[in-house]
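Dear colleague,

Please read the notes with the model open beside you.

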Amino acid sequence: MSDPQEPRGDATGAHDTDADVAIEEPAASSPTAGTARESARAAAMGPGGTAPPAAGPTDVEPPSRWHTTFQQIVTGNAIISVLAVVLALIVGAIMIAFTDERVQEASAYFFSRPSDMLLAIWDSVSGAYAALFQGSIYNFRRDDFIAGIRPLTETLTFATPLIAGGLGVGLAFRVGMFNIGGRGQMLIAASVAGWIGFGFDLPWGLHMIVALIGGLVGGALWAGVAGLLKARTGAHEVIVTIMLNYVAFYLVSWMLRTPGLLQAPGSSNPKTPAMKETAIFPELLGPQYNLHFGFILVIIATVVVWWILTRSSLGFRFRAVGENPNAARAAGINVKAMYVYAMLIAGALLGLAGVSQVLGTVTTGFTAGIDAGIGFDAITVALLGRSRPWGIFIAGILFGAFKAGGFSMQAAEGVPIEIVLVVQSLIVLFIAAPPLVRTIFRLPAPGGPRRPRPLVSKEVEAK
């Protein structure tokens with residue numbers, strides 16, 4: 001038996017494939033693949049024996065600027081919030097149509113005269129949403145612009161505490177905390193500001209500032225209890241803030257029934273005296289409107305929160321703790337201190353909501369229901385605004401429009417006010433389920449892969 005001999009001639013080069021080619025094209029490592037490749041290359045040669053330039057297999061056409069912008073829009077959080085509102089309004093329209101008596105009457109003979117039912121549906125839905133617009137933005141039935149714009153000022157008045165409360169909840173969200181104690185923080189802040197507002201005689205301007213600062217400090221300290229307990233003992237802020245809501249409510253109720261504390265002198269009703277004129281927020285547009293200086297304060301608060309979260313080192317530490325507290329701790333950030341600072345600021349913001357109620361909206365004295373559910377509505381506003389300051393600002397105005405226009409819908413069209421509450425609840429539902437919104441509107445998922453499209457030269461395409 002003879003020893004195997006090495007192949008000679010060109011056969012040696014058939015097995016010596018380039019390493020780069022073998023990695024990029026595994027099939028090229030075989031002799032058959034090499035021969036096929038040489039044949040294809042010879043076929044692609046022109047009459048002059050030169051090969052046309054061909055694009056590599058990894059060349060992909062870069063997306064255009066417009067395509068990139070469109071992808072960012074349809075996969076961002078803002079479009080989800082907008083479409084959640086649209087879906088909620090659509091479902092609300094269906095509910096308005098089903099509860100309308102004219103639609104119910106026309107549905108009895110739908111198959112004989114379907115146009116009557118369709119017309120009744122259009123009249124009920126369009127009339128309800130037209131009343132919502134006229135009650136929250138502009139009333140075209142008024143004689144002049146000054147009277148017609150009053151609904152917009154009512155929207156901004158309702159939005160003032162919602163924006164302040166939403167900022168407090170949203171800031172806590174960014175630090176990874178769920179501040180559900182807005183009601184208690186508002187009640188404590190309103191009690192402190194109201195007690196200063198009716199119990200002291202101070203010059204105009206100074207009286208308002210002292211009452212404002214007192215309310216902010218009261219709300220901050222009440223929320224700081226939850227932050228301190230979480231930092232020191234690890235107590236969950238949701239449980240603590242819920243319990244503090246009850247403590248604040250019953251504490252304020254007791255003070256409202258106790259002469260010498262918050263109860264008005266000579267009265268048996270659980271209500272405070274009226275605020276003194278020196279402590280009341282000034283009107284912004286005159287006595288014919290209810291919009292007060294509190295709206296300017298929430299604009300300032302929005303700017304301050306935006307600066308804290310995006311331009312300050314404290315905001316960077318807040319966001320780092322919210323993303324990953326363990327990594328933030330490893331990076332040298334005092335996570336426990338961040339929890340306390342965040343709750344103090346959040347409580348002050350919710351305290352601003354309570355102060356705006358007693359010194360701006362309800363100045364004739366308040367009861368234990370002064371929060372008016374704003375503490376819980378602020379959670380919805382923060383969710384709709386994606387915990388971003390300016391997103392919360394816009395969401396607060398939207399919910400203020402729902403509150404202002406809901407009463408107009410009920411008065412003008414007989415639509416139950418609960419429909420507006422259902423729409424607000426549906427907004428939260430759709431925001432909490434982004435895949436559902438993307439499926440309904442057939443939006444691409446964020447970060448989805450884009451199919452590569454190879455570049456092919458004209459010569460190869462012609463072949």
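**Pockets, a helix and a buried aspartate**

Helix α7 provides five residues to the lining of the second largest pocket, the largest share of that lining. Please bear in mind that this is a predicted model, in which local features need pLDDT of at least 70 and side-chain atom pairs count only at pLDDT 80 or more, while totals for chains, interfaces and linings use all residues. Residues are numbered from 1 along each chain as its sequence is written, and side-chain values use heavy atoms, with hydrogens and water left out.

A pocket here is an open set of points on a 1 Å grid over the protein atoms alone, where a 1.4 Å probe fits and protein lies on both sides within 12 Å along at least five of seven lines; lining residues have an atom within 4 Å of a point. Helices are DSSP runs (H or I, at least four residues), numbered from the N terminus.

The second largest pocket holds about 280 Å³ of space, a volume being the space filled by probe spheres set on the grid points, which are joined across faces, edges and corners. Its lining has 15 residues, with Gln134, Gly135, Asn139, Arg142 and Ser408 nearest the centre, and the elements giving two or more residues to it are α7 (114-136), α9 and α18.

The largest pocket has about 340 Å³ of space and is lined by 19 residues, of which Phe158, Ala372, Ile374, Lys403 and Phe407 lie nearest its centre. Five of the lining residues, the largest share, come from α9, and the helices that each supply at least two are α9 (150-174), α16 (335-361), α17 (374-384), α18 (389-413) and α19 (418-431).

In α19, the buried residues (under 20% relative accessible area, with a 1.4 Å probe and protein chains only) are Ile419, Val420, Val423, Gln424, Leu426, Ile427, Phe430 and Ile431. They lie on the same side of α19, because they cover an arc of only 160° around the axis, taken from the directions from the helix axis to the C-beta atoms. These buried residues pack against α5 (77-99), α17, α18 and α20 (434-441).

Finally, aspartate 377 is found in helix α17 and counts as buried, because its relative accessibility is 19%. Leaving aside neighbours within four places in sequence, aspartate 377 is in contact (heavy atoms within 4.5 Å) with Leu162 and Lys403.

With best wishes

Definitions and conventions
Buried means under 20% relative accessible area, exposed over 50%, partly exposed in between (1.4 Å probe, protein chains only).
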